[in-house]
Amino acid sequence: MANRTVAVVAVEKTFFNTDSDYDYFVPVNLVNDVHIGSKVKIPFGNANKLREGIVVKLYTAVYSGLKEIDSVIGNKPVLSEELVLLSLWLKDRCFCTTYDCLKQMLPRGFGRIKDSTYKMVELAVQKDENLPKLTSKQKLVVNLLADIGTAAVDEVCEFCSVGKTVLKNLEKYGVISFYDKEKYRNPYKNLETDMEKSEIHLSIQQDKAYSTFLKLMNNGGGTGLLFGVTGSGKTQVYMKLIDKALESGRDVIVMVPEIGLTSQVLDIFHKRYGDKVAVFHSGLSLGERNDEYKRVERGEAKIAVGTRSAAFAPFHNLGLIIMDEEQEHTYKSERTPRYHAKDVAAFRCKYNQALFLMISATPSLETYSNALNGKYTLCELTERYGEVSLPEVIIVDMKSEMKMKNHSPISSKLRELISETLDHNKQVILLINRRGYNTFIACNDCGHVITCPNCSISLTYHSYNNRLTCHYCGYSKSLDTSCPECSSNHVRYSGFGTQRIEDELESLFPAARILRMDADTTSAKFSHNKMFSAFSNHEYDILVGTQMVAKGLDFPDVALVGVVNVDNSLYDENYNSAERSFDLITQVVGRCGRRNERGRAVIQTINPYNDCIDFSAKQDYKSFFNNEIMLRKSLIYPPYCDIISVSFLGGEENTVALCAKAFLDILKELNSDGAQKLIVLGPSPAKIFKLNCQYRYRLSVKCRNSKNVRRMFNEILKRISKIKDYKDVSISVDLNPYNLN
């Protein structure tokens, strides 16, 4: 029997327990049309209903009883071989189907969102042919098109001062013809550009880092860490590397952790590179995302700037991937597939022999440890660019404030410095990592805490609509003036968020112009851009916000920053809470004094002697690292292990708990010989035990991320899925999650 071509197809709407990708013969008439990355329709299941899938492998085999591919969708593959290989690699690490990974690499609505077009017109005859008798206006149109060849309908009508009826009559006579031309939906088309690139001047330290990474980029690629204090000019180094990558004809991806940072980065990039820049983030419409994707895939854009989804930009000749603020948790996806953009970038750079460069003033402990151990190339910038001094940091003990009868969230010292800063026509940034007005409402008589009926968390009071709201499920109710449990009127509102701070500032500084940035005020499209632009233009004096105001922003007139309550993040229950707090404080302190004047920063806390606060106030990352890494080693936490976290979610608490125990029992059985060294924590109720009427349990396993360990967890998932008692329990597995709550 003759060999035939077989396609391995990742099929949509398959479940993890049955997913193994499926083999189909390629019909002889489709052999030249089916490639790796092609989208196809295939008969699936006993009923042979047509489903969509994507080809991930091709091989030849002797004829057997395999089904055949029904048809090919589109005239070319939707994904390159590189991205298909990446999806297979991710599938093995993200505990999901291949199709889940493939779908992640395409913009939502891909293939279903229609192209945006506009009408074009051209001559259908030669100008010197025998034309019908034309009016003077019709002759104007013919003469114009004879000169320029083709133009948009609106352009012709405006230039010749004619209506569209004139053009329709010419079409009726067969003199001109209409056609549609694709128009890109570009949300940033009005940004200012300056294609005459200014020379980037580097200090001695910067130039050494640049030369080191350029050599790496030009000699087969690799992974590097550019570690520098805030304001040390890390951006100038990687911008010069981008220039070199583009000069050599290679493509570049630049990732930032927040949509809010995209606007400032885009201003820099559009001015320097114009329409070579494409943008990838969740704030775009479906049409805009699809068009930016197409510009990259067609080679019309050479730089992709965006959040973690930019890691999948479909470039064909990658030379450089930049990950700014590499320590940020937003690079880790919390939805299937639960990938980390850092792993995606490393895979793509290895495939393309490109440079993967991570940038940070506060690198994650894992990254800095790998750099010290020689796994990554490390370069350091220890001086602020232009020799600007680090800010003066003042730590305020809020217990002393309370003893002095100051119950305001704004300490007397912070109030004094705000007043002084405003008097000098400078600006202030205040960070409070909670939104809302009050974050905790309880009864003084019976102790009842007013919680969400759907979730096991307290409701937050929002003053703008006078309602209590759950920040997890969205439940909302009118404000309680009496306790719903005992009817007492002694209801206590405590804790404070961004709204309360805004009100307090308005009371203390009635002439100040205050801008609040949190999830409540930035939901509209491009709201981050507009707000940051307004603050940069000095339309506001004080910026109050959650952590979106702390990262990577550069406002020349900010002379004072304040961390209103550092304890919110410092005493979280996660093993990495100190690392998060150090990063947050260091970053927000670095927002001030970034020109020729030394800035000031105020950190408010109930524990002023905490080592983490002391290290961050001094911007002393290395001391913090040495202190924290010893603790991690003694407790066996990353980087001394990997963590696999298993979450169980369902509507019946007892069923969820039993499912979690069954998972543990199978894990013990499969590792009964102790071949894999595992430390198991749990199963136990999650920190937020109930979420949107669903009960949550969690089991965490400290281990080494190996093929055998991943295979064992895949086997457990498949076994559990076959137990009918647990069919309504949703199980998700996450490798090295950011949260263990």
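Predicted model: local features only at pLDDT ≥ 70, side-chain atom pairs only at ≥ 80, totals over all residues.
Me: Start with helix H19. How many residues has it?
Reply: H19 has 15 residues, 621-635. From first C-alpha to last it reaches 21 Å, close to the 21 Å expected at 1.5 Å a residue. The expected span is 1.5 Å times one less than the number of residues. Helices (H or I, at least four residues) and strands (E, at least two) are DSSP runs, numbered from the N terminus.

Me: Which residues of H19 are buried?
Reply: Tyr621, Phe624, Phe625, Glu628, Ile629 and Arg632. Buried means under 20% relative accessible area, exposed over 50%, partly exposed in between (1.4 Å probe, protein chains only).

Me: Where do they sit around the axis?
Reply: They cover an arc of only 120 degrees, which puts them on the same side of H19. The arc is taken from the directions from the helix axis to the C-beta atoms. An α-helix has 3.6 residues a turn, so residues three or four places apart point the same way.

Me: And what is exposed on the other side?
Reply: Met630, Lys633 and Ser634.

Me: What do the buried residues of H19 pack against?
Reply: Strand S9 (222-228) and helices H11 (365-372), H17 (577-589) and H18 (611-617). Contact here means heavy atoms within 4.5 Å.

Me: What follows H19?
Reply: Ile636, with a positive phi near 55 degrees.

Me: New topic. What is the strand order in the open sheet of three?
Reply: S7-S6-S8, with antiparallel pairing. Strands S7 (150-152) and S8 (176-182) are at the edges with a single partner strand each, so one side of each has no neighbour in the sheet. Two strands pair if DSSP finds at least two bridges between them.

Me: How many bridges join S6 to S7?
Reply: Three, with S6 covering residues 117-123. Val121 has Ala151 in S7 as its bridge partner.

Me: Last one, strand S1. How many of its residues are buried?
Reply: Seven of its nine, residues 3-11 being the strand.

Me: Which strands does S1 pair with?
Reply: S4 (residues 49-62), antiparallel over nine bridges, and S2 (residues 22-25), antiparallel over four. Val11 has Gly53 in S4 as its bridge partner, while Ala7 has Tyr24 in S2.

Definitions and conventions. Residues numbered from 1 in each chain as written. Heavy atoms only, no water.
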